[in-house]
Amino acid sequence: MSQNKYTVIPFGPQHPVLPEPVHLRFVVDEDKIVDVVPNLGYVHRGIERGCEINDYKRNIYLCERVCGICNYIHGMTYSEAIEKVTGAEVPARAKYLRVIWSELGRLQSHLLWLGLFADAIGFESLFMQVWRDREVILTLNEKTNGHRIHLETNAIGGCRKDIDESLAKAYVEDLAVVRGKMENLRSVFYKDSALRAKTEGKGILPKGKAAFLGAVGPTIRGSGVKTDTRMTGYEAYGALDFEPIVHEGEDAYSRMLVRYDEVFQSFDLIDRALKEMPEGPVLNRNTKFPEGAGIARSEQPRGELFYYVEGNGTNKLSRCKIRTPTAANIPPLVSMLIGNEVPDIPTIIHSIDPCISCTERFVQVRKEEN
Amino acid sequence: MTTQQFETKTKTEEVVAEKSEMFNRLNELKAQGARLITITALDHGKEMEYVYNFARDLDVVNLRVKTPRKEPMPSISSLYPSAFLFENELQDLFKIQVSGISVDFGGKLLTIEGADDTTLVKPAVGPAPFIKRFYGRCREACPGSVNAPKYIRQIAEGNPQGGYDTCAERAPLPAILGRVCFAPCQDRCRQEINDEPIQIRLLKRFTADSMPSLRRKMKRAKPTGKKVAVVGGGPAGVGCAYFLGLLGHEVTLFEKGDRCGGAMLWGIPKYRLPKDLLEDELQARLEEGGVTLKTKKDVKNLKTLKKEHDAVFVAIGALDSYKLGVDGEDNKGVMDFRELLSLVNVHDKTPSIGDRVAIIGGGNSSIDAARVSKRLGAGNVVMYYRRTEKEMPASPHEIHGALQEGVNFEYLTAPVKIERGKSLKLTLQQMELGAPDDSGRRRPVPIKGSEYTVEVDTIVKAIGQSVIVPADFGVDVNRQGRIVIDEETMQTSLPGVYAGGDGVFGPSSVIEALRDGRKAAHSIDVSLGGKGLPPPDLEMEDFVGRPPNIEEIRFQEMVSCRELDAEERVKGFGEVELGYDEDEALREARRCWKCDWNE
């Protein structure tokens, strides 16, 4: 009789709560999740392979398309990796600019996520409010380089664009408006009883397990582990006294609070970088072809992003490996789902801020002709 | 140009390792608290270079391992669980082998079966739509896995006779079970949320009550020419004989007494189970199976039986009683509950037990003894139990019935001494509860100096039954004297000899005995070259239809069963429960949620 004790519920690859294609098979006993089997591979776009075919300088724009949300950081990290291989020096002002745009990307990503999370737990009005405020940041992106989502201000050896005085003023003023609006929502995120009831104690990821399973980003910081790639002081972060935000709750609620608090941290970092940014050029033109292996790490809104490039002295790379944070967060996700109930699945899946399309940008190797 | 140097706190360390020492390095890194970032591979033609990237505090460690392309790479997912994704990815990207991944997609992470080399995207296909069909919680709870949801449905559709057949498929004594079963199914019923589960037992009884005759026309399989002996005419023995008979074997049933029934006959009072009905149903089953019944045959030895038969099933029951272990236990007027119940149930006698009766014990059989004493005319029946009501093994329903009939309960009391004068003098001692014992219940501890004496006419001991296996049987027994069997096949230490029922598991219920009988019949048939009995199946083709509107039926009240008045009851041995009539049964069956529905 026990053969029918468990039910298998397929979740995805298309599912209303998750606009990204991942397939999870939930083994449930009545309402309780006993096991989860993830299955990926529904959207690979061949970006790693594309990096081996394209000119290494044009790869920046390809890498920015790994993710639609955290695009700037992808291009920046790729540039960093190439700069390490070629030994190109980045001007100080460009390093500050990269911090500003990284944090701007993080802001719009976190606001997007806070909205989606509110939507996942059925808090529609909060979803609308947060996304309305996010529009201000997208408009700033447009003012910077003409595109609402993709900034594309990166170049190997620095930045293609600079922030002039009038733009800097717009940054300060507009971000102050968003900050005020987000501040108004503090009581909602911290105190709303419905929101807490739906997220507190859901998707527990104990501190020790988080590190063991290799969780990254807000997912591990929500479990009380103080780790953030920005602590390594890449670009200008070393000069900005960065301290990671950590919450000890180990649950979905705690991961949400990490992201909410990081929004304000980003405002602070942008303000400070705009003030302390030195004058000077923003780009050192690079002429050397990459040769040898180089790595670069950075902190994406979702966690640690990792680039490994291997050059062979030509204008094409022999290998470009991208490890996105969601790939590292899938084993912890499986672990935190087990033991919860079926109605909490959307909340928990959203709590790692999954970006499946980023994770699956690898390509199936085609047969070479002849 | 301003070049401001920023302090970076990270550096990269390169470690090159042979494949043989790779795990040593990995363990070192693990001990240093390094976290796996990712695994990369570089394709050098015949040779592959694997790069394991680790983060140690703020630094990055790159571990490089070179191996020939054809050699499989050992998986590190045991050390770093998150490695499984990268290793699966490598397998797909470079067409290499990684052995021992915790979740291995077998080179199918990116592609699916039959995809050609130009397929970039795995089609988004999930598994076929899931057909929901369950056993139902009641059926899962039933030791005999009787298809309760099906016969409840048959009653609701106005086909109770079909329900009787459904039940008899797995538990061949529905009329008896409908009166005496403990009904574990009802405890698991979803309607139980209102404390008013579907009365599955009474519905089962209704299927039997609606049968014009309990004798059905059953089709027996073609004779196999094999002979099987069954020892013991209790539920396990009769059940086993019935199924074996249907399967075409020639079955002989040996019974010690002059009537079949075993513990159902002597142990269950007439007010619960009328004896003519018991006999009727047992006889019907034996006739349907074509079983030869030999009564008054006390089997002492299995040797001759084994010689004359191809298989033997031993269902001898638990026929011995535990002793109290106090002085004066053997005095006249001290009787065993088995003795008392047998006199009344089997021999139709009315033993004179006097007015004051003391029952010692707290199980269902002690309650039976008390309620029988009340019917025999005893005015003052007191039950002495050494723990409290909470620990009492008797079912609450039975306790309630006994209280209604005027049985008194004395908790935390145990006998110390019995003396014979003009009447019996029973010395009792007060107890208190101490630490829990093996059974999880709190152990009673005597209170010193709390002894007191009561005068009674009869003392009935009812503290449990034990098994006695005749010494010449030659089967292995365990410490408690019960027969040791292989739980899969029900076979004893002797080949060809099977056992089940109370003789194996100690005193248990009718449904458990029937389960044993069916299980043994299955393995006997298999051992004799047959196909055995069908296992419980989900009957996918049996369309259940739309589920009922649960919100509508959820708060419907349970249909209570008509019962004799308590005053009326103690006057004789008439059945207490009167069962459902057709209208009541229909109403009750329609409260069912149909948990096994499909869509």
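# Reading a two-chain predicted model

Modeller: The accessible surface of chain B is about 27600 Å², and 49% of it belongs to carbon and sulfur atoms. The model is predicted. Chain A exposes about 13200 Å², with carbon and sulfur atoms supplying 51%.

Biologist: What share of each chain counts as buried?

Modeller: A residue is buried under 20% relative accessible area. In chain A, 62% of the 370 residues do.

Biologist: Now a helix. What span should α6(A) have, given 1.5 Å a residue?

Modeller: Helix α6 of chain A covers residues 165-184, 20 residues in total, and should span 28 Å. Its end C-alpha atoms lie 29 Å apart, which agrees.

Biologist: Which residues of α6(A) are buried, and which are exposed on the other side?

Modeller: The general idea comes from the helical repeat. An α-helix makes a turn every 3.6 residues, so residues three or four places apart point the same way. In this case L167(A), A170(A), Y171(A), L175(A), V178(A) and M182(A) are buried. Their arc around the axis is only 110°, which puts them on the same side of α6(A). E165(A), S166(A), K169(A) and N184(A), on the other side of α6(A), are exposed.

Biologist: What covers the buried residues of α6(A)?

Modeller: The cover includes four helices of chain A: α4 (92-120), α5 (124-145), α7 (186-191) and α11 (252-276).

Biologist: Next, strands. Where does β7(A) stand in its pairing, and which strands does it join by bridges?

Modeller: In a regular strand the side chains alternate between the two faces of the sheet. Strand β7(A), residues 303-312, has nine of its ten residues buried. Ten bridges link β7(A) to β6(A), residues 291-300, and the two run antiparallel. Within that pair, R297(A) has F306(A) as its bridge partner. Strand β7(A) also runs antiparallel to β8(A), residues 317-323, with six bridges between them. There V309(A) is bridged to C320(A).

Biologist: How many residues lie between the strands in the hairpins of β6(A) and β7(A), and of β7(A) and β8(A)?

Modeller: The hairpin from β6(A) to β7(A) passes through two residues. The hairpin of β7(A) and β8(A) has four residues between the strands, and G313(A) in it takes a positive phi near 85°.

Biologist: In what order do the strands of the open sheet in chain B run, and is the pairing parallel or antiparallel?

Modeller: Its five strands follow the order β9-β8-β7-β10-β22 in chain B, with parallel pairing. Strands β9 (292-294) and β22 (497-499) of chain B stand at the edges; each has a single partner strand, so one side of each is left without a neighbour in the sheet. On average, neighbouring strands of this sheet are turned by 20° against each other, direction ignored. Strand β8(B), residues 250-254, is joined to β9(B) by three bridges, and L253(B) stands opposite L293(B) in β9(B).

Biologist: Which strands of this sheet does helix α17 of chain B touch?

Modeller: Helix α17(B), residues 510-527, packs on the sheet and touches β7 (227-231), β10 (311-314) and β22 of chain B. Its direction makes about 170° with that of β10(B).

Biologist: Last, backbone angles. What is the phi of A183(B), and what is that of M490(B)?

Modeller: Most residues other than glycine have a negative phi. A183(B) is not a glycine, yet its phi is positive, near 50°. M490(B), also not a glycine, has a positive phi of about 70°.

Biologist: Where do A183(B) and M490(B) lie, and are they buried or exposed?

Modeller: A183(B) is in the loop between α6 (174-180) and α7 (184-188) of chain B. At 5% relative accessibility, A183(B) counts as buried. M490(B) is in the loop between β21 (465-466) and β22 of chain B. With 0% relative accessibility, M490(B) counts as buried.

Note on methods: Residues numbered from 1 in each chain as written. Chains lettered and ligands numbered in written order. Predicted model: local features only at pLDDT ≥ 70, side-chain atom pairs only at ≥ 80, totals over all residues. Heavy atoms only, no water. Areas by Shrake-Rupley, 256 points an atom, 1.4 Å probe, with all protein chains shown as cover. Pairing = 2+ DSSP bridges. Axes fitted to C-alpha atoms, helices over the stretch in contact; angles between N-to-C directions. Contact = heavy atoms within 4.5 Å. Buried < 20%, exposed > 50% of the residue type's maximum accessible area, 1.4 Å probe, protein only. Expected span 1.5 Å × (residues − 1). Arc of directions from axis to C-beta.
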